[in-house]
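Biologist: I have a chain open here and want to talk it through. Can you take me over the main points?

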Amino acid sequence: MAVVLSYLWTLLLWRLGLCIQIPEHLMQPPNITEQSLERLVVFPTDEISLKCEASGKPEVQFRWTKENIHFFPEKEPGVVTHMNSGSFTITGNNSNFAQRYQGTYRCFASNRLGTAMSHEIQLVAEGAPKWPKEKVQPFEVEEGQSVVLPCNPPASAVQPRIYWMNSKIFHIAQDERVTMGQNGNLYFANVLTNDSHSDYICHAHFLGARTIMQKEPIDLRVKPTNNMIYRRPHLLLPEGLTSRLVALRGQPLVLECIAEGFPTPTIKWSYPSNQMQAGRVTYQNFNKTLRLVKVEEEDDGEYRCWAENTLGSAQHVYYVTVEAAPYWLQEPKSLVLAPGETARLNCQVQGRPRPMVTWRINGVSLENLTRDDKLRVQGGALILSNVQPNDTMVTQCEARNKHGLLLANAYIFVVQLPTKILTPDNKTYREVQGSTAHLLCNAFGVPMPSIQWLNWDQATVLQDERFVPYANGTLAIQDLQTNDTGSYFCEADNDQNRVSIQAHLQVKEATRIKKGPQNQIVKKGSNVEFSCHVSFDPSLEIQIDWYWNDQNIKDISEGDKYVLKEEELTIKNLDYTDQGNYSCVVKTALDSVEKKAMLLVVGSPGPVGQLELYKQKDFHIQLSWSPAEEHNSPIEKYNIEFEDRTMEPGTWYPLATVPGNETSTRLKLSPFIHYNFRVIANNKYGASEPSPDSEPFVTSKSVPEKNPTDVKGEGNETNNMVITWKPLKWMDWNAPELKYRVQWRQKNESEWQEAMVKASKFVVSNTPTFVPYEIKVQAVNEVGKGPDPQIVIGYSGEDVPQATPIVAVERLNATTVRIKWGPVDLNEVRGHLRGYRVTYWWVNSRWSRSKRHTPKIFIDRPSSATEAVLPDLRPYSIYGVQVQVFNGRGLGPPSETIQFHTEEGVPDRPQSLHLRRLSDTALQLSWKPPLNPNGELKGYQLLYKPINQEIEEEEIVTQFLPPTILMLNLSGLSPQALYHFQLRATTKVGPGEMITQEGSTILKSGIPTFGNISTVTSENASTIYWFPEEGQHDVTFQIWFKPLGVKDKEDTQVDSEARPMKDETFGEYSDNEEKGFGSSQPSLNGDIKPLGSDDSLADYGGSVDVQFNEDGSFIGQYSGKKEKEATGGNDSSGATSPINPTAVTLE
């Protein structure tokens, strides 16, 4: 009894899924562990092996049946059996030997606890495949028609694989036009001349027989034609409009539609289950085959295919009925029961047609057993009431229909056992917040023990709805919280005993991804970065892994493609193969979280596939191609280009643009071009690489379809006309060579003159001057002439115009006038009137008579103009103007010169304003008049006011001075004060721009200073400039000078005292003064040493003493001619020196 109890404990643990291995010394019922497939196909030389292995204690005994009759393998010749095994092997197999053992087998495994039974095993013996000898006739077909090359391999229980190859063992290329059907035949929707071959060979690979066979070669001969017939599609396979077929549940469904026609038809499908999961339906063989991966009962209905081309369509409807071999709804499970309980084994099956269900006990049908009132079959269930220990048995439930058989073994054990808990006591569980904890309490016993879970206070835990008990004793705690941490108790009892264990639970903080990777669309060649920021329980260690399409990037990383950091992933130089799902997986010992993101790599399309040409009439062809890879951005258009390798190799020209959803187009071609085509796909990211070039296509010759454009006739001499035109491009010649027929005649003449030339220019000589001609230029090749050309008007050469316009002047303001002229006689223009040239120049000012030369200015106006506006003139000036006409030859004679004057304007600012301190309350002002008074000066306006003093507005002093006054002494000024002066000139138009200056009545004491010494040197004189500091008064400067490079016989020193200048001569030196101030002259500061220096005065040829007052506004001159003149004292200076000179001229 102890042995039985131990076995049952182990058996119950096995029922609970604990995978405990049963000790060998314990009893166990028979259990089939290995058996052959339900159908075995064997070929000659194959070893035939039927397998049947089982476990059980006591030792299992095996027996076999064949066609439900006892079969004894050990008695059969050539059969090898094995100890403690039901398997056997048939050796020495050949075709006749194997036929003897064909049939349906079943294996039974028994011991004292019952009998288990295998499913039926069907053994099929097949001979070596043979391809019957046949003489294959050539297939002759006209270009554009369809043809089917048959294969017809030998029949076999295992369908062979079919390949079509040529004699060089190259596969026959298949596409939308050429394809192989499921039956192995090779179908041509339409044939081309390059399909002509004598070695189309069908190969059949028999996998079971390990044999490859080939059919006799087929010779396909295609007769070329210049009149290919366009045909609407017609279905070659299947035949008729409809067909019916049965599909089995769980098996693949394969439907195909193969059509012929010209142009090549395309295939489309529709099916009834629009809610099919993505990926279940796939299209193969260029859309000719529909494959449903795994048929379900809801998949029956209409499956429709359409074959379409530009001329029409054809269709076929498959009516599919789904049937099913038997399959389980509820499979019977083994039971362990206590005496007196009721056993119920449920056997619920489904199938189409409805399966027949039968029950067996220990391999014997219920109909062949003695009736037992405790046993009954009800609603597909086997029920055994009030079970007792001797009711232990093995049962079989078997379901069968025409598509297959389903078998299950299940046992019933009747036994009585005390409660026992296998789960270890004091086991600790660690989980994270929000998850579900499963506290185990694997208890068993017969009768089945009851289980309850208690908390630390010995109260039931089921008051909280988050605590859920399972039938196997496990306690699930959902949505864990930190306060769920603690100890829990499991108690299990039946009518024999009670036992308990304790479990401990720790709840940790859940791992979370705070910011995970985001979906991204990135251009090819770029870099992309994904981030994964996490939070986790600090007592746990984490591991962050990055995955691409469920592959760990650490396992596939090569080079520097991926840059992995703790929470970041960078992918460099993206390619299309890098797209997919990227996921961040964060793991701890207790939990794992994941966040996925989709990466799409976009870019320009992939190259277009192979091109196909179909010849049509009237310089038209049909061009088709396989679509380009979109690279996640829809194709917007296809550009079709061509190249003529004979005329311009390497240069591709655009021919057509096709919408991105089309892969075929009809092209109009030009005559006599050696076409090579290519197709380029375009999407929003750019253009693809060009497709492979098409096969060459040459169009025939034809007359020109165009004439040259931009025909012109213009003379480049007075007695000729040059006819030019834009020549036709070579692609418009329509023949190997092209000439031009040039025709011309004077307008209103009847006779045409003509010449035939190859160049794009022709010169007509000896023409009258500027006469209109009618011109025609026509393209001509060896086939004929182009269309009638249009007449173009041209002109012979021009001559210099003789027309002279009549001119008038209109004054608009002081600086602008309008010049007008009348129309001229066009006959005197002697050419095309191109326009008018207006030439004007400044003659003089009305207030002075300057003799300086000023350049002439010209303005060109179009031929339609009758006036021109002359802007930016000088006010109060005299101007001259002329107008000339011009043509392509040149300018005509000028019109009569007209002089006009401009009105007065406001004057320019005075040229200078100087201040000189006369005393503590007086200043002297001197100025120079405006360079351009722009009219008759009416006088000067002087405004002045003290600076740095708060004064009223009325303290600003204004004086009006006559135009003859250029110097003014102001008295009554404030002592020790700084003043601001403004001076401007006026005409009758108004005051002009002002000049400003500041001066003071402050007398500066101390050692006199000066600076900015510069010089201007001429051939026989030098002028020296300097600037004294303001406020210095009664200062004398002494200038020492000597010639360089000349040794004087006698040193000479000349002293000169500057004397006051008369008022009326004030300002005569202003020109020299401005030259000095306005020029950038070399400084003499570093060259002139002060008196008392180490230099001997004898080294200097002369000197000048100049008295200097504070304003620094005068120029003193000194002439040192000869030695004896220098001794003349002040008289030798040659000019009276000013009181306050800032320059001295040495001659």
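**Contacts, disulfides and strands**

Modeller: This is a predicted model. Among contacts in the protein chain between residues at least 6 apart in sequence, 67% join residues at least 24 apart.

Biologist: OK. How many helices and strands are there in the protein chain?

Modeller: The protein chain has six helices and 91 strands.

Biologist: What share of the residues counts as buried?

Modeller: Of the 1147 residues in the protein chain, 45% count as buried. The accessible surface comes to about 60,200 Å², and carbon and sulfur atoms hold 48% of that.

Biologist: Switching to cysteines. How many disulfides does a search of the whole structure find?

Modeller: The search finds six disulfides. With bonded cysteines counted along the chain, the pattern is 1-2, 3-4, 5-6, 7-8, 9-10, 11-12.

Biologist: Take Cys 52. Which residue does a disulfide join to Cys 52?

Modeller: Cys 107, with an S to S distance of 1.9 Å.

Biologist: Next one. What does Cys 151 bond to?

Modeller: A disulfide joins Cys 151 to Cys 202, with S to S at 1.9 Å. Cys 151 is in the loop between strand E13 (147-149) and strand E14 (161-165), while Cys 202 is in strand E17 (residues 197-206), 51 residues apart. This link is left-handed, with -60° about the S-S bond. Cys 151 counts as buried at 0% relative accessibility, and Cys 202 is buried with a relative accessible area of 0%.

Biologist: How far apart are the sulfur atoms of Cys 347 and Cys 397?

Modeller: In that disulfide, the sulfur atoms of Cys 347 and Cys 397 are 1.7 Å apart. Cys 347 lies in the loop between strand E30 (343-346) and strand E31 (348-352), and Cys 397 lies in strand E36 (residues 393-401), so the pair ties together parts 50 residues apart in sequence. The link has -70° about the S-S bond and is left-handed. Cys 347 and Cys 397 are buried.

Biologist: On to sheets. In what order do the three strands of the open sheet run?

Modeller: The order is E72-E73-E76, and the pairing is antiparallel. The edge strands are E72 (807-813) and E76 (867-870), each pairing on one side only. From one strand to the next, the twist averages 20°.

Biologist: How many bridges join E73 and E76?

Modeller: Strand E73 (residues 816-821) pairs with E76 over four bridges, in the antiparallel sense. Arg 818 has Val 869 in E76 as its bridge partner.

Biologist: What about E84, which strands pair with it?

Modeller: Strand E81 (residues 939-946) pairs with E84 (residues 978-986) over eight antiparallel bridges. Leu 942 has Leu 983 in E84 as its bridge partner. E84 also pairs with strand E85 (residues 995-1000), over six bridges in the antiparallel sense. There, Tyr 979 stands opposite Gly 999 in E85.

How values were computed
Residues are numbered from 1 along each chain as its sequence is written. This is a predicted model: local features need pLDDT of at least 70, side-chain atom pairs count only at pLDDT 80 or more; totals for chains, interfaces and linings use all residues. Side-chain values use heavy atoms; hydrogens and water are left out. Two strands pair if DSSP finds at least two bridges between them. Helices (H or I, at least four residues) and strands (E, at least two) are DSSP runs, numbered from the N terminus. Axes are lines fitted to C-alpha atoms, for helices over the stretch in contact, and angles run from 0 to 180 degrees between N-to-C directions. Buried means under 20% relative accessible area, exposed over 50%, partly exposed in between (1.4 Å probe, protein chains only). Contact means heavy atoms within 4.5 Å. Accessible areas come from the Shrake-Rupley method with a 1.4 Å probe; for residues, only the protein chains shown count as cover. A disulfide is a pair of cysteine sulfur atoms within 2.5 Å.
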